[in-house]
2 protein chains.
Amino acid sequence: MNLKTDEMGNPAPAETANPPLVEVTRGPMVESRHRAAFAVADPGGTVVLHAGDITRPVYPRSAIKPLQALALLETGAAEAFELGDAEIALACASHGGEPRHVEAVADWLARIGCSVGDLECGAHLPSTEQAMIDLVAGGGRPSALHNNCSGKHAGFLSVARHLGYPTAGYIAYEHPVQQRVLGILESMTGLDLGGAPRGIDGCGIPTLGVPLGNLALAMARLAAPDDQPEARQAAAARVRQAMATEPFLVAGSGRFCTKVMELAGERALVKTGAEGVYCAALTTLGLGVALKIDDGAGRAAEVLMGRLLLRLGAIGDAEAGALAGTFRPPVLNRAGRRVGELRVEPI
Amino acid sequence: MNLKTDEMGNPAPAETANPPLVEVTRGPMVESRHRAAFAVADPGGTVVLHAGDITRPVYPRSAIKPLQALALLETGAAEAFELGDAEIALACASHGGEPRHVEAVADWLARIGCSVGDLECGAHLPSTEQAMIDLVAGGGRPSALHNNCSGKHAGFLSVARHLGYPTAGYIAYEHPVQQRVLGILESMTGLDLGGAPRGIDGCGIPTLGVPLGNLALAMARLAAPDDQPEARQAAAARVRQAMATEPFLVAGSGRFCTKVMELAGERALVKTGAEGVYCAALTTLGLGVALKIDDGAGRAAEVLMGRLLLRLGAIGDAEAGALAGTFRPPVLNRAGRRVGELRVEPI
């Protein structure tokens, strides 16, 4: 299968059942099953491995933040505001709302002449339980800074500021910042997304339906953008470096993305998205990965991504051993006793 | 299909794909899909409506607490300790850890000469977000009383105390309390469960694999136990009355079970379980319902149960309208904007 051009055409209308790739066991029995599809592509558009229907559009949600972050570099906003690895990593982040995340985004906003009031992502309690407990126990209330997307939004505000656009309404599809991001997504996925299914993401920005195969292609081009324009190559290199250098800022304590990148660095730049999406740019292999759990379960997306990283050789056996609790996590009861596990079908 | 006796035999070994019954939309597109199976049975063992594979065993988890609570009545423990609707409802509950739940369980434990230290269910933060925030903000820590199963465990302790068994280890399969519960489950489901797949539930007690069809039969017998022994009939009536009288104690603020029973009372006694299980005893119709979402998603279990209650006539059209936000809930983004919905395939 080759994704390079417009060959994909319209997604197949027929509903096909994706294979049950992830099982959740309890005692001697499988308790729950997760169906999924995934694609692994090279930058030339060849799908080297896949399962399930990879032509049906899925919403990539937060899994493409590293692609959206390219706008920060390519517009010159990052240079103008002297943004470093920390800010670029935060632009790629679904962070846990831990103090370091929140403080770094607040500092960044101040640097571009904005504040928390300019964020249009909405507020929610920190995703990391300990950060949530600390915030609430200290009498604090969640703000938009705690929103896991606040770094991405600080990036959008930086682009708006740098290019002289109004910051209010920067989350709208028609706003020049989102249109700029759309252009990047189109060139990276190789698709005209003007007619793509368009939803509203949890943080208010547009999320466009893209087939998994094309998402994998976009991630491959992030990993190995050799045939891309020079500015894109440079931007991709900065994003890759930032994620590998600041894995904590991309997610946080105990999180899958952070653990994998702390171990593998640029070899396995992984990014989670809501509703069971996961993407990866495998720099040394020059491959991109995109997966979606049919039912939206994040637990299944993580273990499937872990298996794919191992299968593709982005993570070695010894490293996978160090990540065993993450790649093949136990199911624990409330008292902490192991009562089952998550496991992936052979791929 | 008739479930009355041992006709079911062994579950079919072949893996069949259950139908995708629940869809989660975002904008113009279905973002995630949930496959499921369900059974509706009468007390005679006739399956009057079903979808998917209802012969494969599933762990019923907390959805059968109303059946487990029968032991509290049938052993005489409820009478001996003068337990009322509140305690019996709590024995059937997956409660939100709200102050009224926690205080009532603590009072109950004191009444049987036990305390929080006797609970073997483990501690977790209150399931209801506001109760969690209030606890943490007040400097409190979660105890076993906040565990959503603490009422069920207080019931087990009551049975142990009343029958003179040691309380320590009451969660073990071999403990006389659990064996007593096992006997009730066997007679209600019509199955010999000695060889059933046996897992450990989140709260530490055994959970046994039972086909959905037989779970529906058991719930039908709870709803209409006319052909059951007199003691079982009386116990079932008390459980039904307690759930209908104290729907808040069975779940809590904003919860599906509570909302449905506040509206429908004994007509629709519904009980959620972990990993996408839901059961219902429909008293006026004399029917039992059991469903399981393949992937374990609670959001899908709720809307499927809502649709079944409407389809079966346990809930009227006007009532369903009052529960529209629960039966067909919106997907909201972080700013509270409606961006999609959960919907059920026509059944």
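The radius of gyration is taken here over C-alpha atoms, and the globule rule is 2.2 Å times the number of residues to the power 0.38. For the 347 residues of chain A, a compact globule would have a radius of gyration near 20 Å, and chain A agrees with this at 19 Å. The model is predicted, so that local features need pLDDT of at least 70 and side-chain atom pairs count only at pLDDT 80 or more, while totals for chains, interfaces and linings use all residues. Residues are numbered from 1 along each chain as its sequence is written, chains are lettered from A and ligands numbered from 1 in the order in which they are written, and side-chain values use heavy atoms, with hydrogens and water left out.

**Chain A overall**

- Chain A holds 15 helices and 12 strands, these being DSSP runs numbered from the N terminus (helices H or I, at least four residues; strands E, at least two).
- The C-alpha trace of chain A spans about 60 × 55 × 35 Å along its principal axes.
- Of the 347 residues in chain A, 63% are buried, where buried means under 20% relative accessible area (1.4 Å probe, protein chains only).
- Among the contacts in chain A with a separation of 6 or more, 66% join residues 24 or more positions apart, a contact being heavy atoms within 4.5 Å.

**Relation of the two chains**

**Helix H12 of chain B**

- In helix H12 (residues 256-264) of chain B, the buried residues include B:Phe256, B:Cys257, B:Val260 and B:Met261.
- The cover over the buried residues of H12(B) includes helix H10 (230-245), strand S8 (269-273), strand S9 (277-282) and helix H13 (298-312) of chain B.
- After H12(B) comes B:Gly265, which has a positive phi near 55°.

**A:Gln178**

- A:Gln178 lies in helix H8 (residues 176-189) of chain A and is buried, with a relative accessible area of 6%.
- Leaving aside residues up to four places away in sequence, A:Gln178 touches residues including A:Phe156, A:Tyr170, A:Tyr173, A:Ile205 and A:Pro206.

Definitions and conventions: Buried < 20%, exposed > 50% of the residue type's maximum accessible area, 1.4 Å probe, protein only.
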